[in-house]
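Please look over the sequence and the structure shown below before reading on.

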Amino acid sequence: MSDAESVLDVRERDDPPFPVISDALDELGSDERLRLVNDFEPVPLYDVLADRGFEHETERVDDDEWHVTIEHA
C-alpha cells in the first residue's frame with residue numbers, strides 16, 4: 001500500500017458524483033490511493049471498481065459519512 005493518497009469529498013455536490021469519481025479513478029496512479037468521502041455507502045460503485053481493476057475498503061465514519069479507500073488491485 002502506498003503513502004500517496006488523495007481525497008475526493010462528494011458530499012456537497014449538486015450534480016451526480018459518478019463522472020467526477022470516474023475521472024479521479026482515471027488519474028489514479030498504480031502506487032496511489034483515493035479516499036472517497038460520501039454521505040451514504042456507494043454500493044453501486046463497488047461493481048464498477050471491480051470491473052475496472054480496483055480494490056476498495058469501506059469504513060462508516062458517522063451516520064452520514066462513509067470513507068471508501070480505493071487502489072489498483
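## A network of charged side chains

In this predicted model, a network of salt bridges links Glu5, Arg33 and Arg35. The rule applied here asks for a side-chain nitrogen of Lys or Arg within 4 Å of a carboxyl oxygen of Asp or Glu.

## How the members of the network are covered

Which of these side chains are buried, and which are partly exposed? Arg33 has a relative accessibility of 12% and therefore counts as buried, because buried means under 20% relative accessible area. Arg35, with a relative accessible area of 21%, is partly exposed, and Glu5 is partly exposed as well, with a relative accessible area of 32%.

## Another salt bridge, and the total

A further salt bridge joins the side chains of Arg13 and Asp15, with a distance of 3.0 Å from N to O. Arg13 counts as partly exposed at 34% relative accessibility, and Asp15, at 38% relative accessibility, also counts as partly exposed. By the rule stated above, the count of salt bridges comes to seven.

One of its members, Asp39, is placed in the loop between strand E2, which runs over 32–38, and helix H2, which runs over 43–51.

Is Asp39 buried, exposed or partly exposed? Its relative accessibility is 36%, so Asp39 counts as partly exposed; the reason is that this class lies between the buried limit of under 20% and the exposed limit of over 50%.

## The chain as a whole

The protein chain has two helices and four strands, and from the N terminus on its elements run in the order β-α-β-α-β-β. Taken along the principal axes, the C-alpha atoms of the protein chain fill a box of roughly 30 × 25 × 20 Å.

How does the radius of gyration of the chain agree with that of a compact globule, and what are the values? With 73 residues, a compact globule would have a radius of gyration near 11 Å, and the protein chain has 11 Å, so the value agrees with that expectation. Of the 73 residues in the protein chain, buried residues make up 36%.

## Single residues and their places

Helix H1, which covers residues 18–27, holds Leu25, and this residue is buried because its relative accessible area is 2%. Leu25 and His72 are 47 residues apart in sequence, while their C-alpha atoms are 9.3 Å apart in space. In helix H2 one finds Asp47, which counts as exposed because its relative accessibility is 57%. The C-alpha atoms of Asp47 and Val20 are separated by 17 Å, and these residues are 27 residues apart along the chain.

Toward the end of the sequence, His67 is found in strand E4, which covers residues 65–72, and at 14% relative accessibility His67 counts as buried. From C-alpha to C-alpha, His67 and Asp51 are 20 Å apart in space, and they are 16 residues apart in sequence. Ala73 belongs to the segment after E4 and counts as exposed, because its relative accessibility is 72%. Ala73 and Arg52 are 21 residues apart in sequence, and their C-alpha atoms are 9.3 Å apart in space.

Technical notes
Residues are numbered from 1 along each chain as its sequence is written. This is a predicted model: local features need pLDDT of at least 70, side-chain atom pairs count only at pLDDT 80 or more; totals for chains, interfaces and linings use all residues. Side-chain values use heavy atoms; hydrogens and water are left out. Buried means under 20% relative accessible area, exposed over 50%, partly exposed in between (1.4 Å probe, protein chains only). The radius of gyration is taken over C-alpha atoms; the globule rule is 2.2 Å times the number of residues to the power 0.38.
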